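User: Hi! I am new to this structure and would like to learn how to read some of its features. Could you show it to me and walk me through?

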Amino acid sequence: EAVRRVLLLGEGNFSFAASLCGAAGTHVVATCYESEEEVSGRGRAAESIRRLRERGAEVVFSVDCTKLKDYFLPEKRQFDCIYFNFPHCGRKAGVVKNRELLAHFFHSSAEVLTEEGEVHVALCNGQGGTPADQPRREWHNSWQIVAVAAGAGFILSNVHAFEAETIHGYKCTGYRSQDKPFCVEGALNHIFTRSMPRPYFKPMICEIELESRKVSFQVPQVLVDKIDRGFLELNSSHPVRTVKEKLTAELSQAFPLQNIDYCLSLLHQGHLNGVCHSNIFWIILNPEETPSTEEMSNGLANAVLFSHVDFCRDTDKNDWVNVQEGCHISKQYYLRPSLLPYAQAIIQRGAFLPGTLYVLSGPVFRKCLITPYSMPVFHEMLFVCAVNRGTEKGCIQMFVNNIKTSIHSLHQTVSGFKLNINLQEEASFETTELNDFAAFESQLSRIQYFICMEIDASGSCEKGSCVGIIRTAHYELVSSELVVVFASLNLDLLAMLICGIPDWRMLWTSDTRFLRQFPRGKLRLFKSFSLYPPSYVHDVSFWVPDGEQFDEVAFHTIARQVSGEMIVSIQLIDCFQQSETGRKSLCYRLTFQSCDKALSRQEVAEMQLLFRKEINQ
């Protein structure tokens with residue numbers, strides 16, 4: 001069995017190291033900054049050092065925590081755990097100097113820590129500057145430990161009380177560099193782990209067969225890491241798939257059910273009547289300009305090949321459409337924003353059996369504003385059922401009852417909070433109450449009902465809780481006796497609400513600590529592995545070009561792209577118009593924060609500069 005190597009830094013009298021020593025399968029390396037002569041005069045230090053050596057531990061003196069790799073041979077540099085209890089520059093050093101000490105320490109630790117290793121830093125009450133400190137100091141007066149650690153690629157994965165009284169033989173010392181104890185009441189142990197590095201995504205080319213020829217298009221940059229993740233595939237344990245499978249199993253008890261997932265194209269062609277063009281990811285096909293074999297082999301571009309492409313076309317016959325100013329292409333394509341056209345095509349072709357519930361599912365793509373619950377891509381699950389005229393209300397009620405049953409059974413295994421699901425008529429909803437999902441759906445065609453969900457006992461449908469919509473339609477050319485019921489669910493939003501996932505970006509994380517929380521076919525209450533992530537605020541102001549309408553969705557999309565989805569909030573804080581010229585100036589406040597990765601002040605400053613450059617263009 002592998003031996004766990006533990007490194008202790010800045011030991012005052014080695015009493016903490018002595019308490020850890022002797023544990024089975026653990027090798028302790030205990031160090032301090034002072035020389036052996038300086039330390040040996042401290043109370044109980046000599047006894048602790050003797051005990052450590054008797055138990056096979058290494059004791060090393062005069063170790064600078066900011067240059068750790070200098071003290072260990074390359075084959076002995078890999079530690080599974082590093083402890084640094086109550087670090088301090090000594091004497092009356094202020095918060096800035098201690099922040100600098102921690103910054104250098106974390107960078108140094110990154111060079112000697114195993115990939116799965118932990119760094120434990122104990123701080124006195126209030127020093128860390130996180131919400132776990134009670135009372136919490138003002139940010140500028142704290143050591144800002146989470147932001148400092150982020151600079152070296154670490155995230156705070158746990159924090160708990162440092163209970164000195166439970167550590168056998170431990171006695172704190174070193175108050176202002178003297179052999180004196182200090183107050184450890186309310187002290188906290190901060191446990192850091194390595195963050196996944198912030199990825200750099202190469203441009204991605206998507207190749208498809210279209211009208212017997214190979215064509216390609218460049219995937220929009222904000223979707224490169226999301227276009228082909230396979231969350232709904234058979235071997236997936238992603239919570240979005242678990243929600244889908246549970247809903248399918250429950251509804252198959254009430255309806256004859258047929259899945260139609262195999263031939264749904266990523267692209268749609270033509271016009272979307274009534275839909276704001278700002279919400280669409282427009283695509284220009286490049287029939288000739290696919291990346292060369294040389295480019296692919298040099299890693300300059302990634303390619304994804306999608307099969308089973310059967311393009312969904314609308315009835316518009318206009319071959320020439322002005323997509324961008326001065327740019328004409330023969331046909332107009334966009335990434336599918338909804339599965340509804342595919343369902344409508346099934347009905348119009350007459351390829352259905354009345355009473356059978358047809359199920360379509362897959363990712364859909366919509367440009368939207370930046371908020372925690374607004375998703376530029378999510379997995380839609382669309383149900384279609386043709387029923388006899390006059391029976392549609394009963395069908396809808398049976399459908400919703402089965403949805404409720406399956407979601408309640410999923411939620412009961414996750415948490416004890418009360419969950420409410422209700423059906424609300426479209427007429428009772430104010431437009432301002434709609435979340436982005438529902439607002440876009442209302443552009444596609446008229447909605448009869450909203451399916452709302454909340455996890456509390458208030459009984460009101462709050463903004464952000466609409467998880468599905470229901471609409472009906474008559475197709476006189478198909479049958480005058482039938483009414484078709486369409487029900488659309490946002491699987492990502494359902495998974496978030498059921499599992500307590502506060503940020504949609506977490507669903508797309510590549511960090512294995514997310515999926516490890518969800519064994520195959522089971523949902524759990526999500527536990528964040530990145531606590532109290534630091535946030536950074538920057539303002540940007542600019543003149544709106546004369547004669548142009550400002551497109552706020554496009555503005556947010558640029559922010560998504562340049563930050564790699566690291567912006568959590570964009571707020572308009574000022575609007576100014578010159579009375580003489582009529583020129584308009586806008587000032588926005590951007591808040592940068594990652595939900596799963598270390599994000600440093602320096603990285604954010606670079607993103608802000610890039611953002612300014614992009615919006616200038």
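Analyst: Happy to. Buried means under 20% relative accessible area, exposed over 50%, and partly exposed in between, using a 1.4 Å probe and protein chains only. Helices (H or I, at least four residues) and strands (E, at least two) are DSSP runs numbered from the N terminus. This is a predicted model, where local features need pLDDT of at least 70, side-chain atom pairs count only at pLDDT 80 or more, and totals for chains, interfaces and linings use all residues. Residues are numbered from 1 along each chain as its sequence is written, and side-chain values use heavy atoms, without hydrogens and water.

User: Which residues of α4 are buried?

Analyst: They are Val95, Asn98, Arg99, Leu101, Leu102, Phe105, Phe106, Ser108 and Ser109. Contact means heavy atoms within 4.5 Å; the elements covering these residues include β1 (4-9), β4 (79-85) and β7 (188-194).

User: What is the order of strands in the open sheet of three?

Analyst: Two strands pair if DSSP finds at least two bridges between them. Here the order is β24-β26-β25, with antiparallel pairing. At the edges, β24 (536-543) and β25 (567-577) each pair on one side only. Nine bridges join β25 to β26 (residues 584-592), and Asp574 sits opposite Cys587 in β26.
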